[in-house]
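Hi everyone, thanks for coming.

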Amino acid sequence: MAIFAQRMGGASWSAGLVGSRCRSRFAEVMATPGDAGGAGAGPGSGPPPPGDLRSVLITSVLNLERLEVDLFRGQHHWVPATQHLFGGQIVGQALVAAAHAVSRDEQVHSLHCYFVRTGDPKVPVLYEVERTRTGKSFSVRSVKAIQHGKPIFTCQASFQLSQGSPVQHQFTMPTVPPPEELLTQEELIQKFLQNPNVAEGYRKRLTKIQAQDVPIDIKPVNPPDIFSSESQEPKQLFWVRARGYIGETDMKVHCCVAAYISDYAFLGTALLPHRQYRVKFMVSLDHSMWFHAPFRADHWMLYECESPWAGGCRGLVQGRLWRRDGVLAVTCAQEGVIRVEQTPTQSKL
């Protein structure tokens, strides 16, 4: 199983580069802009500002080493304190591997994953791709993530050649303040640390989170009062984007980055009505995504998350990634194991 990074409990990833013998085509695609459907013009759609670096999600985290045809190796760039692998990394890397096995014109429209064993952070992950079906309009690729000779994760991704249709509709994007008017997660943590009444243990935890290098920018729309244990509605909204520049390129690149981002703070939505309990164990069981429209993962997108149900030590969450212009770009769903202490926690003040 892949561990979930709790919303205030250490969601960051290291930015070290992978030393690989064979640079993956994923990074090569990044080297030259493509014509893959584009994600629409808008703020930040031009070249990167002087001195700006490409996103480490592209240059490092999702840059796999090709070992053989349809066989890749991925490294780890952030391991939670629980010493389990981060689920978003495994999903993103698996989609990178699957994308190598289709033509440039085919774009991913859905993926469905299961985390079947605990990942070992001490060894790399092998990604084995099976070309399950190649059709005229749709192609399916199955990916198995392997450690110590056993699968830790399975994924099926479906790709489609572009097709037009008069049958179109979508929900309406929630009305929220723009990201320019909101504080980043780092700024919120700094604000919390200025409270002299914060318990020392919690202060150390926040300081540790603040020191970590996160390759995504996050701006919560309605951040919860972390000093309160009152029940909240199981919904949350926050703006997200990849940190650094990705640019106009093959849409599959942006989908791989979105797959990585989508696991951040997702399952924690199911805990909002139960904040009086301390989490003992929380991991992802499965993860599904549907890609609806072109987008830029390095542009701000609104992540709308909600949990319609929790019970039996499991929680179900659903999410939607919206472009700033109101277009629904991605839909996500996940179920995970959630085990808590039966005794309510004490105040953090």
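Now, is Arg323 buried or exposed? Arg323 counts as buried because its relative accessible area is 16%, and the cut-off for buried is under 20%.

Okay, let's step back to the whole chain. Please keep in mind that this is a predicted model. The mean pLDDT of the protein chain is 82, with 76% of the residues at 70 or more.

As for the overall make-up, the protein chain has six helices and 13 strands. Of its 349 residues, 51% are buried. If you take contacts with a separation of 6 or more, 78% of them are between residues 24 or more positions apart. And the accessible surface comes to about 16000 Å², with 52% of that belonging to carbon and sulfur atoms.

So what's inside? The largest nonpolar core has 67 residues, and those touching the most other members are Leu95, Leu111, Tyr127, Phe153, Val257, Phe291 and Phe295. Helix 6, residues 251–262, gives this core its largest share, nine residues. There's also a second, separate core of nine residues, with Met173, Val176, Val221 and Leu302 among them.

How many of the residues of helix 6 are buried? It's 12 of 12, so to speak: the helix is mostly covered. The buried ones include Met251, His254, Val257, Tyr260 and Ser262. From first C-alpha to last, helix 6 reaches 16 Å, close to the 16 Å expected at 1.5 Å a residue. At its N-terminal end there's a cap, Asp250, with a side-chain oxygen 2.9 Å from the backbone nitrogen of Lys252.

Two more residues before I stop. Val129 is found in strand 5, residues 125–134, and Val129 counts as buried because its relative accessibility is 8%. Along the chain Val129 and His100 are 29 residues apart, and their C-alpha atoms are separated by 9.0 Å. Setting aside neighbours within four places in sequence, Val129 is in contact with Asp70, Phe72, Ala97, Ala98, Ala101, Arg141, Ser142 and Val143.

And finally Pro174, in the loop between strand 7 (150–161) and helix 4 (185–193). Why does Pro174 count as partly exposed? Because its relative accessibility is 21%, and buried means under 20%. Pro174 and Trp322 are 148 residues apart in sequence, but C-alpha to C-alpha they are 9.0 Å apart in space. With residues up to four places away left out, Pro174 touches Leu237, Leu302, Glu304 and Trp322. You've met Leu302 already: that residue is in the second core.

Notes: Residues numbered from 1 in each chain as written. Predicted model: local features only at pLDDT ≥ 70, side-chain atom pairs only at ≥ 80, totals over all residues. Heavy atoms only, no water. Core = buried A, V, L, I, M, F, W, Y, C linked by side-chain atoms within 4.5 Å. Buried < 20%, exposed > 50% of the residue type's maximum accessible area, 1.4 Å probe, protein only. Helix = DSSP H or I, 4+ residues; strand = E, 2+ residues; numbered from the N terminus. pLDDT = per-residue confidence, 0-100. Contact = heavy atoms within 4.5 Å. Areas by Shrake-Rupley, 256 points an atom, 1.4 Å probe, with all protein chains shown as cover. Expected span 1.5 Å × (residues − 1). Polar contact = N/O pair within 3.5 Å; in protein donor to acceptor, adjacent residues only side chain to side chain.
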